[in-house]
Amino acid sequence: MRLRHTVGAALGALALLVTLPTSADAATGFVLFQYGDPLLPKSTWKSGQLENPPSDGICYNLPELHNRPLWFGIGPYNTMAEEAVYVFTEVDCVGVTTKVDPGVKKGNNVIFKSYLIENPGG
């Protein structure tokens, strides 16, 4: 009798674990970009990347631009399979917004200082 209750309790606990929702903290993949002053020659720009960036819907400023008011991220390339990246021309996700869908590279005319990624599943 006890064995039956123990097995039943174990199966019930397993069912709860399987059905609990999980949230993704980070996207899988990269957002590649260049950064620098877009008015200077391309040869002066540097390469940057966001590796497995958070997909929590929170705004992030590009750390490469700290204390460089004339610099921007330039030409974002979203290599992720599912998540879209939203880039903004100003810090704190203000200004013109551009959506960069999965697998899409935007041209050098897309400049940004901040970004956010929302998890498509949650």
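A nonpolar core here is a set of buried Ala, Val, Leu, Ile, Met, Phe, Trp, Tyr and Cys residues joined through side-chain atoms within 4.5 Å, where buried means under 20% relative accessible area, exposed over 50% and partly exposed in between (1.4 Å probe, protein chains only). You are looking at a predicted model, in which local features need pLDDT of at least 70, side-chain atom pairs count only at pLDDT 80 or more, and totals for chains, interfaces and linings use all residues. Residues are numbered from 1 along each chain as its sequence is written, and side-chain values use heavy atoms, with hydrogens and water left out.

Start with the core. Select F33, L50, L62, M80, V85, V87 and Y115: of the 15 residues in the largest nonpolar core, these touch the most other members. Two or more residues come from each of β1 (30–36), β5 and β8 (114–117), and β1 gives the most, with three. Strands are DSSP runs (E, at least two residues), numbered from the N terminus.

Now centre on Y115. Beyond its neighbours within four places in sequence, Y115 is in contact (heavy atoms within 4.5 Å) with residues including L50, L62, V85, V87 and C93.

Next, colour the open sheet, an antiparallel arrangement of four strands in the order β3-β8-β5-β6. Its edge strands, β3 (60–61) and β6 (94–100), each pair on one side only; pairing requires at least two DSSP bridges between two strands. β5 (residues 85–90) joins β6 through five bridges, and V87 has T98 as its bridge partner in β6.

Finish at C93, in the loop between β5 and β6. This non-glycine residue has a positive phi of about 55° and is buried, at 18% relative accessible area.
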